[in-house]
2 protein chains.
Amino acid sequence: MGEFDLIARHFKRPVRRSPLGVGDDCALLAPRPGMQLAVSSDMLIEGRHFFADVAPQALGHKALAVNLSDLAACGAEPLAFTLALALPQADDAWLAAFASGLWALADAHGCELVGGDTTRGPLTLCITALGEVPAGQALLRSGAQAGDDLYVSGTLGDARLALEALQHRVVLPDEVLAAARARFERPAPRVALGLALRGLATSAIDLSDGLCGDLGHILEASGVGASLDLDVTMSLIASNIYRTSAGVQFGLDFWQQCVLAGGDDYELLFTAPPQRRAAVQAAAQASQTPVARIGHIDSAPGLRILDGSGRPVDARFASFDHFG
Amino acid sequence: MGEFDLIARHFKRPVRRSPLGVGDDCALLAPRPGMQLAVSSDMLIEGRHFFADVAPQALGHKALAVNLSDLAACGAEPLAFTLALALPQADDAWLAAFASGLWALADAHGCELVGGDTTRGPLTLCITALGEVPAGQALLRSGAQAGDDLYVSGTLGDARLALEALQHRVVLPDEVLAAARARFERPAPRVALGLALRGLATSAIDLSDGLCGDLGHILEASGVGASLDLDVTMSLIASNIYRTSAGVQFGLDFWQQCVLAGGDDYELLFTAPPQRRAAVQAAAQASQTPVARIGHIDSAPGLRILDGSGRPVDARFASFDHFG
């Protein structure tokens with residue numbers, strides 16, 4: 001079966017929102033009047049972003065999820081995406097499973113595949129996601145103000161816990177690994193929360209590289225600093241193995257690494273003025289997304305990590321840098 | 001130097017047309033009222049689309065050129081692009097040269113880099129190009145009508161000639177190789193012609209896989225057939241080595257393969273009704289792009305290749321299929 005047949009079999013479906021989908025030189029999108037188009041591209045590479053034995057269905061999910069997470073962080077509504085795919089061989093069963101994971105997430109967000117590219121090569125995926133946001137309402141990294149509260153959605157550190165186990169650096173009970181692995185392989189992009197935060201949050205970013213590193217991007221772009229409540233932040237780890245052992249298992253440093261610099265959380269980190277606390281909680285409820293207040297923005301530059309009594313903790317966590 | 005510094009050094013420049021460029025979770029584009037957005041993604045892989053020893057400046061050019069060529073084929077005006085880049089190592093000199101080739105072509109078309117991704121991996125590039133086209137005016141593959149003239153821009157076969165030489169299947173004199181290699185490594189996307197053909201051409205495609213294969217896409221999408229004048233088409237090979245040897249060197253089959261199924265030409269193949277011949281030539285002149293009439297569209301399906309006296313030639317040329 002040739003390239004064109006493979007594409008048609010697994011990736012060509014009629015478009016509903018877009019004027020033109022897969023099959024021509026370009027796809028065509030028709031943004032609504034007054035809307036800006038948000039664009040995000042991510043490339044995923046075997047051995048770097050996923051393992052060779054990843055379930056193709058999970059990979060299809062994650063490849064799109066990381067891009068939808070970028071749209072969420074901007075408060076954009078997903079519209080469409082393109083998929084460029086390099087494959088070592090054209091395996092029909094693999095493609096069917098990959099496509100099923102991709103379509104399930106795409107359909108859940110009303111986001112349609114409109115084009116792309118397929119070629120032979122080491123397994124590599126590049127998705128470009130396109131979303132709509134009313135002009136001037138996109139959530140940016142640069143809007144945090146001194147005095148703003150600092151929030152994060154969901155839970156933290158579970159994806160990193162899975163990564164540590166999958167790379168055989170720690171051993172987890174089966175059910176703990178399964179839960180952590182689901183977080184690592186099937187992150188849920190916080191699209192509904194991002195939309196609900198338009199007009200409320202002063203800045204936002206999605207957590208791909210790790211809490212401290214990604215917070216650093218907000219601080220740098222906004223020209224501010226932050227204080228982080230370590231106890232509240234550490235309470236956001238979901239895994240039972242941490243709670244039941246009070247962090248003794250694997251050591252507290254390990255758990256702090258997971259939560260503060262774990263990466264792959266795909267939660268939203270955002271800021272909002274204290275007078276909008278009720279509105280932020282209402283947005284969290286409306287989008288059925290837990291949100292925790294983990295600190296605040298300071299005018300003094302830098303990141304201060306504070307313990308429960310407000311004393312600085314000597315913790316330094318760099319972001320995960322792919323060339324570090 | 002870390003990933004973020006590398007990106008900033010070579011790929012972060014202020015945007016002029018777009019509301020938000022590199023550096024946030026998403027870029028923001030503001031399409032003008034009444035405009036649709038044309039989107040195209042292409043992935044380029046070492047060993048498949050370029051050689052390991054390719055000059056990085058040429059690679060920067062070509063990676064963007066193949067996407068701008070897709071916009072050209074739709075009659076879209078380039079606006080912006082994203083770049084996802086996997087690199088085996090972070091080499092500053094390589095990136096500087098790559099970026100210079102990329103920027104030169106981007107600037108020539110007023111197309112700005114608005115975002116992307118950088119990671120470590122086998123050298124892989126994925127560019128998504130975005131352009132604007134007035135609603136309903138995009139050139140599609142599906143509009144060819146029986147009786148339409150069939151046109152192609154520029155010259156054909158030179159890129160394939162270079163590929164054959166670079167893969168040591170033929171030996172070319174230095175100056176012939178240099179000229180052919182320039183066509184292979186630095187294709188000029190026919191953006192101005194694509195814009196000039198809006199409202200004139202009934203269908204269009206860019207030649208990436210080879211004339212016969214890409215023509216096949218128009219025929220299939222339009223539900224028509226075509227007759228191709230082989231003599232006129234073969235006259236479009238630019239290389240002196242063909243003209244001076246009358247095709248004897250390497251044999252006529254070789255040259256027909258280059259022209260009819262060569263690939264990598266990045267010319268525009270398009271159709272227009274005979275009553276628009278003068279207008280098509282005016283569009284060609286206005287865009288300073290040579291255009292040749294190489295055949296016509298038939299209602300009978302299939303592709304007929306005819307010699308100078310209108311007799312069918314027994315020539316079968318499949319498209320270049322990456323999974324063939």
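**A tour of the chain A and chain B assembly**

Begin by selecting both chains of this predicted model: a rotation of 180 degrees, with 0.0 Å of shift along its axis, superposes chain A on chain B at an RMSD of 0.0 Å. The two copies are therefore related as by a two-fold rotation axis.

Next, select the interface. Here 55 residues of chain A are in contact with 55 residues of chain B. On the side of chain A that touches chain B, the elements giving two or more residues include helix H1 (3-11), helix H2 (56-73), strand E3 (77-87) and strand E7 (203-206) of chain A. E2(A) gives the most to this side, with 9 residues. Colouring the side of chain A that touches chain B by class shows 30 nonpolar, 14 polar and 11 charged residues. Of the interface residues of chain A, 100% are also interface residues in chain B, so the copies meet through the same surface.

Zoom in on Leu29(A), which stands opposite Leu37(B) in E2(B).

On H7(B), the contact is made by Leu211(B), Cys212(B) and Gly213(B), while H10(B) contributes Val259(B), Leu260(B) and Ala261(B). The contact of H7(B) with H10(B) has 5 nonpolar residues, 1 polar residue and no charged residues.

Key. Residues are numbered from 1 along each chain as its sequence is written. Chains are lettered from A and ligands numbered from 1 in the order in which they are written. This is a predicted model: local features need pLDDT of at least 70, side-chain atom pairs count only at pLDDT 80 or more; totals for chains, interfaces and linings use all residues. Two residues are in contact if their C-beta atoms, placed from the backbone, lie within 7 Å. Helices (H or I, at least four residues) and strands (E, at least two) are DSSP runs, numbered from the N terminus. Ala, Val, Leu, Ile, Met, Phe, Trp, Tyr, Cys and Pro count as nonpolar, Asp, Glu, Lys and Arg as charged, and the others, Gly among them, as polar. Two strands pair if DSSP finds at least two bridges between them. Copies are superposed by least squares on the C-alpha atoms of residues with pLDDT of at least 70 in both.
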